[in-house]
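Here is a short briefing on one protein model. It moves from the strands to the helices, then to the cores and the totals.

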Amino acid sequence: MKNTEVKTPAIQVLERMFALLDVLASHQDPVSLKEISASTGLHPSTAHRILNDLALGRLVDRPEAGSYRLGMRMLELGNLVKARLDVRDAALAPMRELHKFTHQPVNLSVRQGDEIVYIERTYSERSGMQVVRAVGGRAPLHLTSVGKLFLASEDPARVRSYAARTGLAGHTRNSLTDIQALEREMALVRQRGVARDDEELELGVRCMAAGIYDDQAKLIAGLSISAPADRLEESWLARLKDTAAQISAELGYRGV
C-alpha cells in the first residue's frame with residue numbers, strides 16, 4: 001500500500017516558520033501581522049515572536065511597525081543556490097537518455113559573442129557520423145540550429161547588426177548568406193519554437209535544436225541532435241523539446 005503520509009518538520013517551530021515564510025512569499029507588498037496570523041492559524045503573539053527572530057537573521061524585514069516582508073538575506077541565499085545550478089550538470093543525464101533514444105550525437109551549446117560554443121556532447125561510434133565539432137569547438141550563429149535560436153530571440157535590428165558584422169559567410173551551398181533569407185528563417189524559428197540546420201554548417205549533416213531557459217525565462221543554451229542528413233527523424237523532435245524543457249525546469253524555469 002502506498003504511503004501517502006505528508007512529512008512535517010520534527011521541530012514545531014520550524015513548521016511554523018515555514019508557514020510564515022510561505023505567506024510572505026505569496027505577497028508582493030508587506031503583510032500585516034493580523035493577516036499573517038489569519039493565514040497561518042497562529043496566534044498573533046506566536047507569529048510576532050517567530051517573525052522577530054527571523055528579522056534578526058535578515059530573513060524577514062519590517063518596513064513599518066506591524067507589517068512584514070521577505071528580507072534581503074533570502075535573495076542572497078537564493079543567488080547562491082542559483083549560482084550552483086550549472087547548465088552542464090543539469091543537462092548531462094537527460095542528454096544521455098536522449099542519445100539512447102536517437103543513437104545520434106546530442107550537443108549542448110551556449111552563445112559567446114557571434115558564435116556558439118559546444119560545451120558538452122554525448123555520442124557513440126555507432127552513430128555512423130564523424131564527430132567534427134568537438135567540445136570547445138565554435139561555429140557561427142547563422143549556420144547552426146542552436147545559433148539560430150539565439151538570433152531568433154533578438155529583435156530584427158540586432159539580427160541585421162549581426163549580419164553586417166559577420167557578412168553572413170557561408171560554409172556550404174546550403175548556408176544562409178543573405179539577410180532576407182536569414183530573416184525568413186528567424187520568423188520560422190519564432191513560430192515553431194525550434195531551429196534546424198539543413199547541411200548549412202557541414203555537408204551531409206543535419207541538426208534540430210530546442211532552447212534551454214533559466215529561472216528568468218532567458219535563453220541560456222541550446223540542445224541539439226546531429227545526424228547524417230538521411231537519418232534525421234522528425235519523430236525525434238517531440239523528445240528533443242521535452243528534454244530541453246526538463247533541463248530548463250531543473251534550472252528554475254517555470255514557463256511564461
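Two strands count as paired if DSSP finds at least two bridges between them. Helices (H or I, at least four residues) and strands (E, at least two) are DSSP runs, numbered from the N terminus. The model is predicted: local features need pLDDT of at least 70, side-chain atom pairs count only at pLDDT 80 or more, and totals for chains, interfaces and linings use all residues. Residues are numbered from 1 along each chain as its sequence is written, and side-chain values use heavy atoms, with hydrogens and water left out.

**Sheet**
- Six strands make an open sheet, ordered β6-β5-β4-β9-β8-β7, with antiparallel pairing.
- β6 (138-140) and β7 are the edge strands, and each pairs on one side only.
- From one strand to the next, the twist averages 30°. Axes are lines fitted to C-alpha atoms, for helices over the stretch in contact; angles run from 0 to 180 degrees between N-to-C directions.

- β7 (residues 194-198) and β8 (residues 205-213) run antiparallel and are joined by five bridges.
- In this pair, D197 faces C207 of β8.
- The two strands form a hairpin, with six residues between β7 and β8. In the turn, E199 has a positive phi of about 55°.
- β8 also runs antiparallel to β9 (residues 219-228), through nine bridges.
- A209 has S224 in β9 as its bridge partner.

**Helices on the sheet**
- Contact means heavy atoms within 4.5 Å.
- α5 (residues 87-102) lies across β4 (106-112), β5 (115-122), β8 and β9, at about 65° to β5.
- α6 (residues 145-152) lies across β4, β5, β7, β8 and β9, at about 150° to β9.

**Cores**
- A nonpolar core is a set of buried Ala, Val, Leu, Ile, Met, Phe, Trp, Tyr and Cys residues joined through side-chain atoms within 4.5 Å. Buried means under 20% relative accessible area (1.4 Å probe, protein chains only).
- The largest such core has 24 residues; M208, I212, L223, I225, L240 and I247 have the most contacts inside it.
- α5, β4, β8, β9 and α9 (236-250) each give two or more residues to this core.
- Another core, of 23 residues, lies apart from it and includes Y118, L149, L201 and A209.

**Whole chain**
- The protein chain has nine helices and nine strands.
- Of its 256 residues, 43% are buried.
- Among contacts with a separation of 6 or more, 57% join residues 24 or more positions apart.
- The chain exposes about 14500 Å², with 50% supplied by carbon and sulfur atoms. Accessible areas come from the Shrake-Rupley method with a 1.4 Å probe.

Notes. Buried means under 20% relative accessible area, exposed over 50%, partly exposed in between (1.4 Å probe, protein chains only).
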